[in-house]
Amino acid sequence: MHRRPTTEPAVVRWFLIAIALLFMALFLVIPLVAVFAEAFSKGIGYYAHTLASPNALSAIKLTCIAAGISVPLNCVFGVAAAWAIAKFDFFGKNILTTLIDIPFCVSPVIAGFLYVLVFGRRGWLGPWFIDHGIRVLFGVPGIVLATMFVTFPFVARELIPLMQSQGRSAEEAARTLGARGWQVFWRVTLPNIKWGLLYGVILCNARAIGEFGAVSVVSGHIEGANTMTLHVQALYENYDQTGAFAVASVMTLLALMTIGLKEWVERKGTAASSKGTPS
Amino acid sequence: MSLSRHRKVLPGFRSTLGFTLLYLGLVVLVPLAAAFAKLGGLTWAQFWHAIASPVTLAAYRLSFGASFFAALVNSVFGLLVAWVLVRYQFWGKKLMDALVDLPFALPTAVAGITLATLYAQNGWIGRWLTPFGIKISYTSLGVFVALTFIGLPFVVRTVQPVLEDFDLEIEEAAASLGANRFKTFFRVILPMIFPALLTGFALAFARALGEYGSVVFISSNIPLRTQIVPVLIMSKLEQFDYAGATALAVVMLAISFALLLAINGLQTWSVRHREHH
């Protein structure tokens, strides 16, 4: 059978597909299945009991607080930074973009450590907070700050190239038609960036929920004051493997939902840009 | 159009730039400055002792070595996965494409305990290797496996768009000149996607270097043997050796920043490389 000159013989193709599938199965599918198998290995009763325990519930609450504060703040930052960088020319734009990327390449343990240096007992701001009875490290504020640091660039990284490629003409046109500042943003810019923004928020949120290294450094690892990831660690290290996987399975479901949402937004975003109009 | 006319047409320059700089300063730059300030308070002896002790050197060897090989494996298999996803049709392709992002979306602690359990001696995967005397969990081999998991999406997602945009005419030209597919791949396609491949490698490497959550469970974290640099920093913090932790952290920050610049440079090269073909 005649095959196109730009593809391989069928045997080669299937061989390559098989190897790729094997690699993916080994590294991705098996771990995915294992999480749920381990989580339910002691039955549904144990699973429900683990998730309904006070420590688990407070862990879920703390994770929600950390994500609920970091994601919106970093979202606002991302939009502001992208607006400044994409719609104007100024000296140091590239430096600014690189600086914004920094948290992306810093190890989470180091990120947590930086906040210990600032808010610790001998840190720059630590003594002031301690004197005023505010517990930053080993408390909720520390965890929120550490989460903010590691999720800092996500929305900005999505929006900056997007808004740069969209240019300024639409906004400038709106201005010449008499629109005021906020109107230009809400009615011209926002519809154009909404899929990119949503994509960035989804990634930012997933990272915030899953953060472990940085919060591990700034937290006191006290039962009842842990995030979900720290709670997984606590259960695992206390030999409650099934319990650890039970909580982990919830986070895995969230991760799968994140992937699904991401795919959906990507498809919508490509459809919108190929139509040439915001959908 | 002049600079000032841009600023006058569109509003919000001062406020958005001001807010951006303020937020960046508070969240990122102030903590970074604290590390460098602390570094300034160290004597050379303290600094050298921290970054050149046998324990530290062993940690560097493991971190850099395992990250390098993990990124290498991911480059080979990531390229394969990207190729298969872009060029072929098969059942489950969309699912596979979506699953590639799993290491991005999954919390590192979840990955950590899962891999540690799977590759333990009686684990689902580990039990097949135990008869051969191969131990993965609690050895440096386990560190390598965890870092491979973590870096999996980077090469795939960097190479995929380049392969998707690839001009088939070039391959047809090669075929018409008598090259078989093997030759075409290695002498025509591979050189053209090389910048993207290298970028993916660098991203996977950089990510693996700083990784903590996925590794800390599967490794036995024994100093001089199975301890990676982030775990070493954590252990110094637990012992209140802030000086040592600062020294190590600053060195790692410098390396991370250098990698960041290298990756940005690679990405620029990659774009220009494509535009010239």
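Me: What ground rules apply to the model and its labels?

Reply: This is a predicted model: local features need pLDDT of at least 70, side-chain atom pairs count only at pLDDT 80 or more, and totals for chains, interfaces and linings use all residues. Residues are numbered from 1 along each chain as its sequence is written, while chains are lettered from A and ligands numbered from 1 in the order in which they are written.

Me: Where in chain B is confidence lowest, and where is it highest?

Reply: Go helix by helix. Helices (H or I, at least four residues) and strands (E, at least two) are DSSP runs, numbered from the N terminus. Confidence in chain B is lowest in helix α1 (residues 3–9), with a mean of 54. It is highest in helix α7 (residues 108–118), at 95. Chain B as a whole has a mean pLDDT of 90, and 96% of its residues reach 70 or more. The model scores are ipTM 0.89 and pTM 0.90.

Me: How many helices and strands does chain A have?

Reply: Chain A has 13 helices and zero strands. Chain B has 14 helices and zero strands. The C-alpha atoms of chain A fill a box of roughly 75 × 60 × 30 Å along the principal axes. For chain B the box is roughly 75 × 65 × 30 Å.

Me: What share of chain A counts as buried?

Reply: Count neighbours. A residue is buried if 20 or more other C-beta atoms lie within 10 Å of its own, exposed if 12 or fewer, and partly exposed in between, with C-beta atoms placed from the backbone. By that count, 48% of the 279 residues of chain A are buried. In chain B, it is 46% of 277 residues.

Me: Why does Q89(B) count as exposed?

Reply: Q89(B) counts as exposed because it has 8 C-beta neighbours inside 10 Å. Q89(B) sits in the loop between α4 (54–87) and α5 (93–99) of chain B. From Q89(B) to R127(B) it is 38 residues in sequence and 34 Å in space, C-alpha to C-alpha.

Me: How many residues of α5(A) are buried?

Reply: Twelve of its twelve residues are buried, so α5(A) is mostly covered. Among them are V109(A), I110(A) and F113(A). The expected span of a helix is 1.5 Å times one less than its number of residues. Helix α5 (residues 108–119) of chain A should therefore span 16 Å, and its end C-alpha atoms are 17 Å apart, which agrees.

Me: Which residues of α4(A) are buried?

Reply: They are L96(A), I100(A), D101(A), I102(A), P103(A) and C105(A). The 13 residues of helix α4 (residues 93–105) of chain A should span 18 Å. Its end C-alpha atoms are 19 Å apart, which agrees.

Me: Which residues touch the most other members of the largest nonpolar core?

Reply: A nonpolar core is a set of buried Ala, Val, Leu, Ile, Met, Phe, Trp, Tyr and Cys residues joined through C-beta atoms within 7 Å. The largest one here has 172 residues, and F113(A) and I233(B) touch the most other members. Helix α3 (residues 54–87) of chain A gives the largest share, 16 residues. Leaving out residues up to four places away in sequence, I233(B) touches V109(A), I110(A), F113(A), A245(B), L248(B) and A249(B).

Me: How many residues of chain A are in contact with chain B?

Reply: 74 residues of chain A are in contact with 73 residues of chain B. Helix α1 (residues 10–39) of chain A supplies the largest share of the chain A side, 15 residues. By class, that side has 50 nonpolar, twelve polar and twelve charged residues. Ala, Val, Leu, Ile, Met, Phe, Trp, Tyr, Cys and Pro count as nonpolar, Asp, Glu, Lys and Arg as charged, and the others, Gly among them, as polar.

Me: Which domains does chain A have?

Reply: Domain bounds come from an automatic or database domain assignment. For chain A the assignment gives domain 1 (1–39) and domain 2 (42–275). Their centres, taken over C-alpha atoms, are 33 Å apart. Five residues from domain 1 and eight residues from domain 2 make the contact.

Key
Contact = placed C-beta atoms within 7 Å. pLDDT = per-residue confidence, 0-100.
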